[in-house]
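Morning, everyone. I have one structure to walk through today.

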Amino acid sequence: MTTLWLAEYDTRNFTFTAAGATREQALEALEAGLERHALRTGSLLRGWFRQGMSRDEWREEVNVLQITAGHAYRDGSEL
């Protein structure tokens, strides 16, 4: 079975999602994606998504879900 980790972060305008083979990889991919978003829009500061929180505090706010490939989920729970 293949296990994936999904990290998801909601902002006022978007929901950002990243996947990884580990929890850490998913969180790192999410942070990198949020930084790319800031660079592409040109209007946001580096680390804008943390809103004054430390990296660890911000990571506590991120929804991280462990899933198994080929399985179905409803509201984060396997069916």
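This is a predicted model: local features need pLDDT of at least 70, side-chain atom pairs count only at pLDDT 80 or more; totals for chains, interfaces and linings use all residues.

Now the layout. There are 2 helices and 5 strands. Going along the sequence, the order is β-β-α-α-β-β-β. The C-alpha atoms fill a box of roughly 40 × 25 × 20 Å along the principal axes. Take the contacts between residues at least 6 apart in sequence: 44% of them join residues at least 24 apart.

Next, the charged pairs. How many salt bridges does the structure hold? The count is 3.

Glu-24 pairs with Arg-59, at 2.8 Å from N to O. Glu-24 belongs to helix 1, residues 23-41, and Arg-59 to helix 2, residues 55-61, so this bridge ties together parts 35 residues apart in sequence. What about burial? Glu-24 has 36% relative accessibility, so it counts as partly exposed. Arg-59 has 11%, so it counts as buried.

Glu-31 and Arg-55 make another salt bridge, with N to O at 3.0 Å. Again helix 1 meets helix 2: Glu-31 is in the former and Arg-55 in the latter, so the link spans 24 residues of sequence. Glu-31 is buried, because its relative accessibility is 8% and the cut-off is under 20%. Arg-55 comes in at 40%, so it is partly exposed.

Then there is Glu-31 with Arg-59, whose closest N and O atoms are 2.8 Å apart. That pair also runs from helix 1 to helix 2, so it ties together parts 28 residues apart in sequence. Both Glu-31 and Arg-59 are buried. Which residues end up in one network? Shared partners join Glu-24, Glu-31, Arg-55 and Arg-59.

On to the nonpolar side. In soluble globular proteins, nonpolar side chains tend to be buried together. Here the largest nonpolar core has 13 residues. Those with the most contacts inside that core are Ala-7, Tyr-9, Leu-30, Leu-34, Trp-58, Val-62 and Val-64. Strand 1 (3-10), strand 2 and helix 1 each supply at least two residues of the core. Which element gives the largest share? Helix 1 does, with 4 residues.

Zoom in on Tyr-9. Skip its neighbours within four places in sequence. Its contacts then include Phe-14, Phe-16, Leu-30, Leu-34, Phe-49, Trp-58 and Val-62. Thr-15 and Gln-51 are also in contact with Tyr-9.

One more residue: Thr-68, in strand 3, residues 63-68. Is Thr-68 buried or exposed? Thr-68 is buried, with a relative accessible area of 15%. Which residues does Thr-68 touch, again leaving aside neighbours within four places? Met-1, Thr-2, Thr-3 and Tyr-73.

Last, the surface. Of the 79 residues, 28% count as buried.

To recap: 3 salt bridges, and a largest nonpolar core of 13 residues.

Definitions and conventions:
Residues are numbered from 1 along each chain as its sequence is written. Side-chain values use heavy atoms; hydrogens and water are left out. A salt bridge is a side-chain nitrogen of Lys or Arg within 4 Å of a carboxyl oxygen of Asp or Glu. Buried means under 20% relative accessible area, exposed over 50%, partly exposed in between (1.4 Å probe, protein chains only). A nonpolar core is a set of buried Ala, Val, Leu, Ile, Met, Phe, Trp, Tyr and Cys residues joined through side-chain atoms within 4.5 Å. Contact means heavy atoms within 4.5 Å.
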